[in-house]
Amino acid sequence: MEQLSLLFDGFAQAATPYNLVFVFLGAILGTAVGVLPGLGSSMAVALLLPITFALDPTAAFIMFAGVYFGGLFGDSTAGILLNTPGQSSAIASTFEGHRMARNGKAAKALATAAIGAFIGGLVSTLIVVFMSPLFVKMATNFGPAEYFALAVFAFVAISSVVSESVIRGLGALGIGIALSFVGIDGPSGASRFTFGVPQLFDGIDLVVITVGLLALGEVFHIAATYKSDPESLKLPAGGIARMSWADFRKALPAWIRGTLFGAPFGMIPAGGAEVPTFLAYGTEKRLAKRRGDTEFGTTGSIKGLAAPEAAGNATAGTAMGTLLAIGLPTSATAAIMLAAFQQYGMQPGPLLFERSADLVWTLLASLFIALFVLLALNLFLAPMWARLLYIPNHYLYAGITVVAMLGVYAISASTMDLLILVILGFLGYLMRRFKMPLAPLLIGVILGPLAETEFRRAMAVSENDITALWSSPITIAVYIFMIIAITISIVQHLRHMKSAQVG
Amino acid sequence: MSTAITHNDKQPQRELVGVGKRDYSEFIMVAIMGVVSAILIIGSLNMATSEDGPFSAKTTPLIVGIALAVVTALLAVDILRNTRMQVLAVDGNVYEMSSDMLHDLAGMDEADDKLLNAAAFELDDAITTSTDEEAAVEVARVTDYRTLLLLVAATLLFVLLLPYLGWVICAAALFWSTARLLGSTRPVMDIWTSLIVASVIQLAFGGLLGLHLPAGFFGGL
């Protein structure tokens, strides 16, 4: 059990008063941004990432551990009280959660969500701790062709299989990959699509892209659509979040089922927590029907909230493990975390565990500390978080605009970056307006360079033999898995088209 | 057009945009994608690299550029011929994810499908509370180009003036104008709010974390 002693070393590193301050700060900021209506956990990470650049790497990653899970804890609060899930991974818990809140059980719903998020995060982080040697060993068997196959899988899964419109998903993916080309090409030194502008030689910073698309794009979208602030819809939190022992026992199986759904999905690049949260919700729904549970879909079922909430955080935990050990981001939030590592000159992957072992274990230990801090913050301070929902929206979005500018300015103090930020913000608005998904674009930006580098490496190794891309058992397995996913998706779309025509 | 009409019957006058008339504004996306793919193709053909062999720095941009051109053409055809997108615009689906897929995963009935409808999250309650509010939300769904363009102008002004006027003044001005554009009704009090926000950020990040924020002409005093 070498991992345990390493983890304890990590705890010793993380538990200094100086570092604990940053865990708290990250947890508070992450929850706060997650709670704010319309802002999801990936925006929390994107907005707060640049702010950490002023810190040393250890403190920054410790703070990030808090932000990472904090956004997810906060997401559900807005969903439950306001019926406005911050991002699509929080939708499944909003269904039953908001029903509970509307029937006067807001405190119970908030407690269920907080404990569910805690259990999901705890179990999946434990999985990461114990499985990490296995992951690393697996990743060392991955050559260029394997990484290329995984990237292609991620592209196809996120742009086509899980997105509403395949054409728009692929379009977003293409724009994302195109953005990643900008800059000096590493292997050849050729300047690509920089139009002779020196500021573009380093490429477009990923933080500029995420903050522009997610934060500024949202503000522009709000400006173009939003006129009234429906105060009347805001529900009170009803004191501190609490639940009875009987409720706890009722929710426990659902939390565990949700965690089991969520954990494997963190390791598959399929866009994040949407699939497992809906899967968990659907399972609880079917079980409720079989049991003759009348709460489900009427007054709000505690299990229908518990399962997706645990699933969401379980996905986030294993996604972090996959990112650290294999270097593959499986969700948009993990992709932004990858950018954070790169900002500090570190490349996640099997080598990270060797070269920066103390940082990795400090980060994992911080994830545990952050989960406990977040559980306490979300149980006892629920009314305080609920008050955040009463910030008038115009101040909220004014604040986001200013913080977005601050964050991008903090990276490089460059006017050029700020201009790109505004342009990408406008692109983010247009994509929202015309229902083009944002996730494929982000994945394109992140995995585009990885796919290209690995492709060229594979070609160099095999002396330009293209069949080398699908000649190993792992690559064949990945492509077969991909074809199965596409087939299921086609069948699904055809079936729905048919039923839509009949109905 | 029969499909569009039946869908419109299902969603009576929820959104003014796209109901009744064809809306071709989505061709902006076609134009953007077309320009991006043209830049990729032309740029990679004219790119100077010293590598030899079939796979060089220009290979991938060329492939992506051609693929994007195909997708652009498909999108144009889709908008011209398909009314489904119109319906989507009206429904305001949760477009990040396939609603068909989520529907199946969650084991939903047809009646539950409105839960996957982003607009329903807001409208659901509005309808039950009062009809006035419903009307307000409806009007709000029309694209407000004036506010949008003013806000984009405000952010651009911020970017251009930041090196000259400094963080406090520019950030306060940006905060004030964003709040005002998004419907704040107390412009005078907002002046103080925005100055406090900008100064607190300057003190916290400039002072404590050592982030260098431009002082503007204050720096010269």
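**Figure 1. Surroundings of Glu96(A) in the predicted model.** Leaving aside neighbours within four places in sequence, Glu96(A) is in contact (heavy atoms within 4.5 Å) with Tyr281(A), Glu295(A), Phe296(A), Gly297(A), Gly300(A), Ser301(A), Gly304(A) and Leu305(A). Glu96(A) belongs to helix 5 (residues 91-102) of chain A, where helices (H or I, at least four residues) and strands (E, at least two) are DSSP runs numbered from the N terminus. With a relative accessible area of 0%, Glu96(A) is buried; buried means under 20% relative accessible area, exposed over 50%, and partly exposed in between, with a 1.4 Å probe and protein chains only. The side chain of Glu96(A) makes a polar contact with the side chain of Arg99(A) at 2.7 Å, and a polar atom of the Glu96(A) side chain also lies 2.7 Å from the backbone nitrogen of Ser301(A). A polar contact is a pair of N or O atoms within 3.5 Å; within protein, one must be able to donate a hydrogen and the other to accept it, and residues adjacent in sequence count only if both atoms are side-chain atoms. Glu96(A) and Thr298(A), 202 residues apart in sequence, are 8.4 Å apart in space, C-alpha to C-alpha.

This is a predicted model, in which local features need pLDDT of at least 70 and side-chain atom pairs count only at pLDDT 80 or more, whereas totals for chains, interfaces and linings use all residues. Residues are numbered from 1 along each chain as its sequence is written, chains are lettered from A and ligands numbered from 1 in the order in which they are written, and side-chain values use heavy atoms, with hydrogens and water left out.

**Figure 2. Thr112(A) within helix 6 of chain A.** Thr112(A) lies in the helix that spans residues 106-140 and, at 0% relative accessibility, counts as buried. The side chain of Thr112(A) reaches the backbone oxygen of Lys108(A) at 2.6 Å. Not counting residues up to four places away in sequence, Thr112(A) touches Met243(A), Ala251(A), Trp255(A), Ile302(A), Leu305(A) and Ala306(A).

**Figure 3. Salt bridges of Arg168(A) with chain B.** Arg168(A) forms a salt bridge (a side-chain nitrogen of Lys or Arg within 4 Å of a carboxyl oxygen of Asp or Glu) with Glu26(B), the closest N and O atoms being 3.0 Å apart. The side chain of Arg168(A) also meets that of Asp78(B) in a salt bridge, at 3.1 Å from N to O. Arg168(A) lies in helix 8 of chain A and Asp78(B) in helix 3 (residues 59-81) of chain B, so the pair joins two chains. Arg168(A) is buried at 3% relative accessibility, Asp78(B) is buried at 11%, and Glu26(B) is buried as well. Between chain A and chain B the count is two salt bridges, and five residue pairs are in polar contact, both residues being at pLDDT 80 or more.

**Figure 4. The interface of chain A and chain B.** In this interface 92 residues of chain A are in contact with 97 residues of chain B. The two chains bury about 8400 Å² between them, 71% of it on carbon and sulfur atoms; buried area is the accessible area (1.4 Å probe) that two parts lose on being put together, summed over both. Glu164(A), Tyr395(A) and Lys435(A) supply 9% of the area that chain A buries against chain B, more than any other three residues.

**Figure 5. A network of salt bridges in chain A.** Asp185(A), Arg192(A), Glu452(A) and Arg456(A) are linked in this network. Within it, Glu452(A) forms a salt bridge with Arg456(A), whose closest N and O atoms are 3.2 Å apart. Both residues lie in helix 19 of chain A, four residues apart, about one turn of the helix. Glu452(A) is buried, with a relative accessible area of 6%, and Arg456(A) is buried at 11%.

Figure 6. Ala413(A) is partly exposed, with a relative accessible area of 43%.
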